[in-house]
Amino acid sequence: PELLIIDEVGYIPFAHAAANLFFQVVNRRYETGSIILTSNRAFSAWGEIFGGDVVVAAAMIDRLVHHAEVISLAGSSYRLRGKEKLTTETSLEQRG
C-alpha cells in the first residue's frame, strides 16, 4: 500500500522474533512508502519493547525518523476526557 498505518506500537511488547519481523517491514518501506505510526512510548523505551534488542530498535527508529515529521503530544488522554472524577474515585478506591 502507499500508506501503512501502525497503531499503538509498544502497547504489547514484541518477542525477539516478532521484533525482527517488524524491523523487516519498516526496512522494506524505508524510502519507498509512507508509514504513520503511533505509540505512547518514548523512543528511549523501544529497546525494551522490541525484545530487549536495542540494536534493532535503534535501526528501526533511524529509518522511521529519517524523513519523518515527528509529532509529540502531551497532556491528558482524549479517551478519558470528562471522566476525571471517575478516574480519581477509582484511584482512591484502589488505595483503600
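# Exercises on a predicted model

Strand 2 gives the most to the lining of the largest pocket, with 6 residues. Strands (E, at least two residues) and helices (H or I, at least four) are DSSP runs, numbered from the N terminus.

This is a predicted model: local features need pLDDT of at least 70, side-chain atom pairs count only at pLDDT 80 or more, and totals for chains, interfaces and linings use all residues. Residues are numbered from 1 along each chain as its sequence is written, and side-chain values use heavy atoms, with hydrogens and water left out.

## Exercise 1: the pocket

Describe the lining of the largest pocket.

Step 1. On a 1 Å grid over the protein atoms alone, a pocket is an open set of points where a 1.4 Å probe fits, with protein on both sides within 12 Å along at least five of seven lines; lining residues have an atom within 4 Å of a point.

Step 2. Count the lining. It has 36 residues, and L37, T38, S39, V70 and I71 lie nearest the centre of the pocket.

Step 3. Name the elements. Strand 1 (3-9), helix 1 (16-29), strand 2 (34-39) and helix 3 (54-65) each supply at least two lining residues.

Step 4. Sort by type. The lining divides into 17 nonpolar, 11 polar and 8 charged residues. Asp, Glu, Lys and Arg count as charged; Ala, Val, Leu, Ile, Met, Phe, Trp, Tyr, Cys and Pro as nonpolar; the others, Gly among them, as polar.

## Exercise 2: the salt bridge

Which residue forms a salt bridge with E48?

Step 1. Know the rule. A salt bridge is a side-chain nitrogen of Lys or Arg within 4 Å of a carboxyl oxygen of Asp or Glu.

Step 2. Find the partner. E48 pairs with R41, and their closest N and O atoms are 3.0 Å apart. A search of the whole structure finds 1 salt bridge.

Step 3. Check exposure (buried is under 20% relative accessible area, exposed over 50%, partly exposed in between, with a 1.4 Å probe and protein chains only). E48 is exposed, because its relative accessible area is 57%. R41 is at 28%, so R41 is partly exposed.

## Exercise 3: positive phi

Where does E31 lie, and what is its phi?

Step 1. Recall the background. Most residues other than glycine have a negative phi.

Step 2. E31 lies in the loop between helix 1 and strand 2.

Step 3. Read the angle. E31 has a positive phi of about 65°, although it is not a glycine.
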